[in-house]
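Hi everyone, thanks for making time today. I'd like to walk you through some charged contacts and a metal site. Let me put the structure up.

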Amino acid sequence: MATFRQQIATNVLRVTRFRDLMKQVGAYRPNDDLDLIKKAYEFSLRYHTGQTRASGEPYLVHPLEVACVLAEIKLDTIAIAAGLLHDLVEDTSVTIEVIQKEFGEQVAHIVEGVTKIGKIDFHTREERQAENLRKMMLAMVDDIRVILIKLADRLHNMRTLQHLPEERRLAIARETLEIYAPIAHRLGMGKIRGELEDLAFPYVDPIAYQQVHEAVEARRKSGEQFLAHIEGILREKLKEAGIQARVESRIKRLYSIHLKIQRQRITVDQMYDLLAVRVITQSVQDCYAVLGMIHNLWRPVPGRIKDHIAMPRPNLYQSLHTSVIAENGSPFEMQIRTEDMHHMAEEGIAAHWKYKDGPVSARDEQRLAWLRQVVEWQRDVSDPNEFLSTLKIDLYPEEVYTFTPKGKVVVLPRDATPVDFAYTVHTEVGHACVGAKVNGRMVPLRYKLKSGDIVEIVTQTGHNPSRDWLALVRSSRARQKIKHWLNVHQRERAIEIGRKLIEKEARKYRVPMKGISDQQYQKVAGDLGLGRPDDLMAAIGYGKFSARQVLARLAPATAAEPTPEVTPEEKPGGLLRRVFGGESGAITVKGHDDLLVYRARCCNPIRGEDIVGYVTRGKGVAVHARGCPNVVNLMYESDRRIDVEWARPRKEDGQDGGFPVKLTVFCDDRSGMLKQMTALISDEDINIRNIEARTANSQATIDIVLDIENLKHLERLVGGLRKIPGVHDVQRVQKI
Ligand code: MN
């Protein structure tokens, strides 16, 4: 228990801290309404009263410190007010509705976001999950201020981690390294990332920490003297050259040293950048002037000059780096950047996060502005692979991150449903899935899962998958499992269908089914080379024999009767069926609405290609390209073959939305390559479904999935792509 005197002391400290906060915000946002912050502070004080932190301090210290971190990165008053209120909904009786009423929709929305993320249990032993958790956190947030508050929250918790019990410390420190520090890095917030890492390091790996710590301490004194000496020389030379610049220096951060030792298997003394001097200039021009000056003063280490000004890192970090050797033979790193770049390196996205003064525009507009900004920043990134992967996370979250009730992350494709989820958990769970609870509420099976959803699958023993589910699922695993089940159980269906067909046929000829004995069935089955009556029914269901053929054998009297007019559609195989193309590849057969026709996935034929159909077992008619290896290799029995042809396009203009086609382009890995390709594709007015690039040894392999109208269209495009300089080959991938 804190004594009365101690309480007074902390109260005084807190009030001073709050006054400083107001002063600070007032200085960088002179036009903002500071009353909002004051009101949030008083509100937070009122509702957190009586609560204490593990350190014994009043709880309010925490939101106040979080707000101070936010003020340091110069966030707006909305964010700072939300920072002061961030724990209220989670920890007190205050509801989000009350916050909205008192502080407006924006503050409430941010606090809600922070609360939502806070409910997720990020603790995980599985390294592989960390990346997913990071992505999920970013995918769940539509206002970046939510993330910034989470980072500030974590920073203060890490600064006071020693007050928590030991096992909690380790879990939180590990989570900080795996989730929060990388997010700060992604957002370019070097300062917060560095502090988070160095705070977590001793808890996560005490032995390595001790070693690195001792190695650095042994070199600290001489290092600092050396840096002061270099700084002195630089200041003098800068003055002589008339360049206005600040000079500062640092010893590499402990965790950063640790990572380098692990990654490159080198010792502290082999590091060129253990000691670094930074020159912060007024202009880009001066950066390059300073670089020249430095190379005149000290000998540069070959291969260590990096121009991150011309080629910013994916997180927008900009700087010139070079390693040089001092007169005494010690290597050190030089970093040269402008004040703006420095600001960006330290604060990242927060440096760009400025709202217009006055009333803030609608939330959606802010989000768009943020997205636009990311696109703009990423435009100059050199590695197309990196660019695309970043873009994917930021702009087109193609994945959703959901949880089992026990907190395990389940990653699914966008628009996945509870059926996908069920199959990810277990095949049997998938088969028996009848419903799902999402966040405690029952949802229909077609419900589209969202990131952060906690999903509980409701099963029923004896329940079976249905063909309709194929339209519900997005994941290939679920699709495969459902198809497999259907194939296995399809014989039963074929028997059922066969029986119905023969009954129908019997009615037509007025043959009493009851008059046909088991022996007759058995005999006919035997005559047709089949084992049992069930096999006979299945053979009819599969379309191997027509009901008419079988009935004629079962009741020979009917064979002599005049045969009713048989419509061509009733004859199995051998006739022309028209295939309609169409959006999303939905294909039907004319006059046969009950017959499902689909483009075979092994070759994905497109309009204009020579095609051939195969009656499959219970799945309808598969349409293959005539040249498809599966057709050529006679994988299919010839009596299943059926003639098909392309129907006229549905739309007047001869366009029917196109068919997905996958191309692989092999080319040089040079800047502008991707841009040239996408320009060509969009000139052809072709929709790009997906694009992925891999690079190795300055060669790139780019996979593109496009919507192509017809074969001519495809040939024209491939011809165009081949003409781009640096493109070695373009191949169509039959299987998408
Ligand atoms: Mn908190």
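Let's begin with E195, which is partly exposed at 30% relative accessibility; on this scale buried means under 20% relative accessible area, exposed over 50%, and partly exposed in between, with a 1.4 Å probe and protein chains only. Before I go on, a word on the source: this is a predicted model, where local features need pLDDT of at least 70, side-chain atom pairs count only at pLDDT 80 or more, and totals for chains, interfaces and linings use all residues. Residues are numbered from 1 along each chain as its sequence is written, and side-chain values use heavy atoms, with hydrogens and water left out.

So what is the partner of E195 in a salt bridge? R159 is, with the closest N and O atoms 2.7 Å apart. By salt bridge I mean a side-chain nitrogen of Lys or Arg within 4 Å of a carboxyl oxygen of Asp or Glu. R159 sits in helix α8 (residues 144-159) and E195 in helix α10 (residues 190-204), so the pair ties together parts that are 36 residues apart in sequence. Helices here are DSSP runs of H or I with at least four residues, strands are runs of E with at least two, and both are numbered from the N terminus. R159 is partly exposed too, at 32%.

Next, R219 and D269 form a salt bridge at 2.8 Å, N to O. R219 belongs to helix α11 (residues 206-241), while D269 is in the loop between α12 (254-264) and β2 (275-281), so this pair joins parts 50 residues apart in sequence. R219 is partly exposed at 28%, whereas D269 is exposed at 55%.

How many salt bridges does a search of the whole structure find? The count is 29. Some join up: R193, E197, D198 and R253 are linked in a network.

Now for the metal. The manganese ion is coordinated by H62 (NE2), H86 (NE2), D87 (OD) and D153 (OD), at 2.1 to 2.3 Å. Donors are N, O and S atoms within 2.8 Å of the metal (3.2 Å for Na, K and Ca); water is not among the atoms, so sites may look incomplete. Along the chain, the donors follow the spacing H-x23-H-D-x65-D. H62 is in helix α3 (residues 61-72) and D87 in the loop between α4 (77-85) and α5 (88-91), 25 residues apart. Are these two buried or exposed? Both H62 and D87 are buried.
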